[in-house]
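Hi,

Here is the structure you asked to look at.

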Amino acid sequence: MTASTTSLAPAGAVSSRAPRSALAATAEPAWVRRTLIGIALAFLAFFLFVPLVAVFFEALKKGVDVYLAALTEADALSAIKLTLIAAAVSVPLNLVFGLAAAWCIAKFDFRGKNVLLTLIDLPFSVSPVIVGLIYMLVFGLQGWFGEALREHDIKIVFALPGIVLATVFVTFPFVARELIPLMQAQGTEQEEAARVLGANGWQIFWRVTLPNVKWALLYGVILCNARAMGEFGAVSVVSGHIRGQTNTMPLHIEILYNEYQFAAAFAVASLLAGLALVTLVLKLLVERKVRAEKALAGNEA
């Protein structure tokens, strides 16, 4: 009797109980949620907010005059200028590379595709110090091309070109890695439709591909710029630490701190901390814009 009753039970009764059991299995008690949120906030406060506040506090502890003097000192201005130049050269190069690499990987199938993907991730797994040593081995005075460079009076390491090369290497995955998943998810249907309608390659890129990835591209550029301006390890090896000539902002901060000029060191460090905050704000704005466009597209659909 029981078996027949069970077999004759409506299917809706079984399906209606399934969501409740699934909800009971995944829903967490209130105290668990509060504990996890508290742990996350405590972690962020200890490792993020407190250090940022400490940087600005130490930078301004001796007054605004000392703070401004540290930033307008000749060596500091040289370090700021060199950092901006390195970022201004490396970010556009990585933008072009990221677009080309993402387009090739997402839109075409070719031999060596997986190898290219692996090489793009290489800077994430290689220590920046090793990158600097590699450039020293290749372009240093005792390196593979050292004699030829010396004969033509060309300086790579201990000069701006070496700093730019090191910065490009450690930052080139950021734009590509933001674009590749998005382009792969979008597929090639829109490009193929544009091709059928008579558009050429550049028209397809400017009017179809680029508008579809513009926010991911901007996000990648923001991250790339922040990483370029804050790079220390690779640049430290290839720069030579020539004060007033090859020191970027992170290197200048290290020198000031080692010389016990703490106020000046934290003053320059506050610029990099401010860059981190600006990057965070821009990231939030880009994400908000993406969500708004997705919501608008959903309403139109």
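Below are my notes, going from the whole chain down to single residues.

First, the ground rules. This is a predicted model, so local features need pLDDT of at least 70 and side-chain atom pairs count only at pLDDT 80 or more, while totals for chains, interfaces and linings use all residues. Residues are numbered from 1 along each chain as its sequence is written, and side-chain values use heavy atoms, with hydrogens and water left out.

**The whole chain**

The chain has 16 helices and zero strands. Along the principal axes, the C-alpha atoms fill a box of roughly 95 × 55 × 35 Å.

Of the 301 residues, 36% count as buried. Buried means under 20% relative accessible area, exposed means over 50%, and partly exposed is in between (1.4 Å probe, protein chains only). The accessible surface comes to about 18300 Å², and 69% of that belongs to carbon and sulfur atoms. Areas come from the Shrake-Rupley method with a 1.4 Å probe; for residues, only the protein chains shown count as cover.

Contact means heavy atoms within 4.5 Å. Among contacts between residues at least 6 apart in sequence, 72% join residues at least 24 apart.

On charge, there are 23 positive and 20 negative side chains, and the centres of the two sets lie 10 Å apart. Lys and Arg count as positive and Asp and Glu as negative, leaving out His and the chain ends. Each charge is placed at NZ of Lys, CZ of Arg, CG of Asp or CD of Glu.

**Cysteines**

How many disulfides does the count come to? Taking a disulfide as a pair of cysteine sulfur atoms within 2.5 Å, the count is zero. Cysteine 104 is in no disulfide, and the nearest cysteine sulfur, that of cysteine 224, is 19 Å away.

**The loop between α9 and α10**

Two residues here are worth a click. Aspartate 153 sits in the loop between α9 (146–151) and α10 (160–171) and has a positive phi of about 55 degrees, although it is not a glycine. Aspartate 153 counts as exposed, at 68% relative accessibility. Phenylalanine 158 lies in the loop between α9 and α10 too; its phi is also positive, about 60 degrees, and it is not a glycine either. At 33%, phenylalanine 158 counts as partly exposed.

**Around α13**

Arginine 227 lies in helix α13 and is partly exposed at 27% relative accessibility. Leaving aside neighbours within four places in sequence, arginine 227 is in contact with Pro128, Val170, Thr171 and Phe174.

Glutamate 231 is in the loop between α13 (201–230) and α14 (233–239). Is glutamate 231 buried or exposed? It is buried, with a relative accessible area of 3%. Not counting residues up to four places away in sequence, glutamate 231 touches Pro128, Val170, Thr248 and Pro250. Its C-alpha atom is separated by 30 Å from that of asparagine 212, 19 residues apart along the chain.

Cheers

Terms used
Helices (H or I, at least four residues) and strands (E, at least two) are DSSP runs, numbered from the N terminus.
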